[in-house]
Amino acid sequence: QVQLVESGGGLVQAGDSLRLSCAASGLTFSTYNMAWFRQAPGKEREFVGVIAWNGDRTYSEVLKGRFTISRDNAKNTVYLQMNSLEPEDTAVYYCAADKTRRYYNNYASRRIGDFGSWGQGTQVTVSS
């Protein structure tokens with residue numbers, strides 16, 4: 001049974017940085033595409049970034065290059081480094097895993113429905 005456990009969220013000020021971690025178990029981690037999504041109050045869950053099993057990375061265009069996703073296969077962990085945080089980044093951040101490693105137009109999938117395993121989320125609150 002796949003388990004994903006996020007950590008590292010908290011309350012920060014605008015302009016600060018934060019690093020989220022997602023520890024995975026119950027899967028062959030190195031063979032999965034791993035992604036981060038987020039959901040703000042009253043809004044739909046949205047894509048943040050994905051790192052494929054081979055290291056390919058894709059990000060949401062709205063992030064303007066402020067976030068970086070990485071993975072450590074030896075630790076079964078995926079990270080999200082968030083810099084220059086803005087109040088608009090306030091959301092619950094979710095880690096997700098795609099066993100089938102889907103690609104569309106040469107990019108790893110960012111579709112919510114393609115990710116079969118999800119963590120419980122970690123809250124990030126950015127004050128102005």
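Okay, quick caveat before anything else: what you're looking at is a predicted model.

Let's start inside. The largest nonpolar core has 27 residues, and the members touching the most others are Met34, Trp36, Val78, Leu80, Met82 and Tyr93. Strands 3, 4, 5, 7, 8, 9 and 13 each give two or more residues to this core. There's also a second, separate core of eight residues, with Val50, Ala96, Ala108 and Phe115 among them.

Now the largest pocket, at about 230 Å³. Of its 14 lining residues, Arg38, Ala40, Lys43, Glu46 and Glu88 are the closest to the centre. And what's the lining made of? Nine charged residues, four nonpolar and one polar.

That brings me to the salt bridges, seven in the structure. Arg38 pairs with Glu46 at 2.6 Å, N to O, and with Asp89 at 2.9 Å. Arg38 sits in strand 4 and Asp89 in the loop between strands 8 and 9, so this pair ties together parts 51 residues apart in sequence. Is each partner buried or exposed? Arg38 and Asp89 are both buried, while Glu46 is partly exposed at 33%.

Then there's Glu86 with Arg66, 3.8 Å N to O. Those two are 20 residues apart, in two loops. Arg66 is buried at 10%, and Glu86 is partly exposed at 26%.

Put together, Arg38, Glu46, Arg66, Glu86 and Asp89 are linked in a salt-bridge network.

Notes
Residues numbered from 1 in each chain as written. Predicted model: local features only at pLDDT ≥ 70, side-chain atom pairs only at ≥ 80, totals over all residues. Heavy atoms only, no water. Core = buried A, V, L, I, M, F, W, Y, C linked by side-chain atoms within 4.5 Å. Buried < 20%, exposed > 50% of the residue type's maximum accessible area, 1.4 Å probe, protein only. Helix = DSSP H or I, 4+ residues; strand = E, 2+ residues; numbered from the N terminus. 1 Å grid on protein atoms, 1.4 Å probe; cavity = no way out; pocket = protein on both sides within 12 Å on 5 of 7 lines; lining within 4 Å. Points joined across faces, edges and corners; volume = space filled by probe spheres on them. Nonpolar A, V, L, I, M, F, W, Y, C, P; charged D, E, K, R; others polar. Salt bridge = Lys/Arg side-chain N within 4 Å of Asp/Glu carboxyl O.
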